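User: I am new to protein structures. Please take me through this one step by step.

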Amino acid sequence: MLSTVPVEQQYERIGDGPRILVVGAGIAGITAAQLLRRSGLRPVLIERGHDRGHPGYMLALMPMVDPVLDELAVREPYRAASVPLNRYGLFGHTGRRIRTDSMASILDQYGDYRGIGRGELIEVLSGDDCGVTSKTTVTGLTETAEAVTVTLAAAAGTAELEFDLVIICDGIHSATRELVLPADRVGTVDTGWAGWVIWLPADQDQDLGDELWGAGFFLGAYPVAGRIGAIVGGPTADLAVGPPAFVAGIRRKLRRVSPRLDRVLDALATDPDPYYWPLTDCRADRWTTGRTVLLGDAGAGFLPTAGIGAGMAMESAWVLARMITRGTDVPLPDLLAAYERAQRTRVEAAQDNSRALARMMFRRSRLLAAVRDVAARLLSVQAVLGPIQRLLADAPDPDRVLDNLSATVRHR
Ligand SMILES: Cc1cc2nc3c(=O)[nH]c(=O)nc-3n(C[C@H](O)[C@H](O)[C@H](O)COP(=O)(O)OP(=O)(O)OC[C@H]3O[C@@H](n4cnc5c(N)ncnc54)[C@H](O)[C@@H]3O)c2cc1C
């Protein structure tokens, strides 16, 4: 459970330990802070606001999160708050079901593949208690070889505090990143598409995720515990007509519609305020300075197409936390540089996969959509999941990275 703690109190609790600031209590930030806390460190965690005001969205979590959940001792609460995603169904551009595949038969060998609401995942990761200073941001950051001086801004005023390390995890539109990295070092893919997220009641197929790849639109329905999160998207310019008119346009293009996707369309057409997501990503070409590090979407923000951004954010948080707690004999700049070398290639490979899927999914042309339907019938899910399976099979090994690093540092 998240509990609000004044920043002075968090700072005092650090005691003699390393002074670590974690910016952003999202998926990466809470994972990193809680892992460090379990190792006896006392990082200060701050958050700009509370997500609780909006209904959040659904996440499919790949098996790379399992070791993270085990180390946080929250695997059981996670399983209780999520559902297994055993099957994946794909519909073609006119609404005809193209295929239904067993995800379990491919992913079970690596661990769990489950659906969970973002709010529920935050609760699970927070465990019994996760202290955070809310409504606080970073407005200034000055780094020297010895420390980072951070200006923290809250409604009550500003405070300047000194830290040894700042972990920046304030998401895809990270404002803190702008304080350490010039804007031209952060690339963006703007698909020109966006989507509305809505929620539906659970149905009898709670282990089945469905997607429909249309011509000029897409639909996705992903079960989580007790409900189904859905997204309906299209080119940003076309969404300007608003949900009811956009839904009417989709219905005109579909020759048939499954009962579940029919409910998705009805839910969007009647939702007074569906959550709107522009489908853009970001990629920083550098994650670390001597004493700051970008983590999660702040370093590589994902398009949701492959459903792997949160998984990679949690994996990276685990690798980083492990290296910080076990690498105390290594100078911090070397440690962070080694972390970036180890993890950035993996994360960018996963991000490339999301980008490739977006190029396939986000198409206007009916002809291309028809060709894609044929290809989708022929391609095996095994092949489509190939890049993700390679990441899962080749799990990160922060202990080995640290051993190599310690040896290098000793021989200097
Ligand atoms: C619609 C949608 C569906 C998705 N589906 C999946 C999926 O199925 N599977 C999957 O693995 N991933 C999915 N993702 C991607 C996943 O949500 C992200 O990759 C993940 O949330 C990244 O975690 P993060 O902690 O880096 O960022 P976030 O979770 O976005 O957290 C950032 C936190 O920082 C806070 N913050 C922002 N600015 C500041 C500031 N200046 N100061 C302090 N705090 C700040 C925010 O309030 C937030 O709490 C999806 C994303 C979307 C949008």
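User: In which sense do strand S15 and strand S19 pair?
Analyst: S15 covers residues 190-201 and S19 covers residues 275-280. Strands (E, at least two residues) and helices (H or I, at least four) are DSSP runs, numbered from the N terminus. Two strands pair if DSSP finds at least two bridges between them. S15 and S19 have five bridges, and their sense is antiparallel.

User: What kind of model is this?
Analyst: Residues are numbered from 1 along each chain as its sequence is written. Local features need pLDDT of at least 70, side-chain atom pairs count only at pLDDT 80 or more, and totals for chains, interfaces and linings use all residues, since the model is predicted.

User: Which residue stands opposite Trp199 of S15 in S18?
Analyst: S15 also joins strand S18, residues 227-235. The two run antiparallel, with nine bridges. Opposite tryptophan 199 stands glycine 229.

User: Which residue of S13 is the bridge partner of valine 22?
Analyst: S2 covers residues 20-23. Its pairing with S13 is parallel, over four bridges. The partner of valine 22 is isoleucine 167.

User: Are the residues Leu165, Val166, Ile167 and Ile168 of S13 buried or exposed?
Analyst: In a regular strand the side chains alternate between the two faces of the sheet. In S13, Leu165 and Ile167 point one way, and Val166 and Ile168 point the other way. A residue is buried if 20 or more other C-beta atoms (placed from the backbone) lie within 10 Å of its own, exposed if 12 or fewer, and partly exposed in between. All four S13 residues are buried.

User: Are H2 and helix H6 roughly parallel or roughly antiparallel?
Analyst: The axes of H2 and H6 (residues 118-126) lie 9 Å apart, at an angle of about 10 degrees. Ile27 and Ile30 of H2 are among the residues that meet H6, where Leu121 and Leu125 are among the partners. Angles under 35 degrees count as roughly parallel, over 145 as roughly antiparallel, 65 to 115 as roughly perpendicular and the rest as oblique. Therefore H2 and H6 are roughly parallel.

User: Which helix supplies the largest share of the shell around the ligand?
Analyst: The ligand has 36 residues around it, with Gly24, Gly26, Gly296, Gly307 and Gly309 the closest; a residue is near if its C-beta atom, placed from the backbone, lies within 6 Å. H2 (27-38), strand S4 (58-61) and helix H11 (309-326) each supply at least two shell residues. The largest share, four residues, comes from H11.

Terms used:
Axes fitted to C-alpha atoms, helices over the stretch in contact; angles between N-to-C directions. Contact = placed C-beta atoms within 7 Å.
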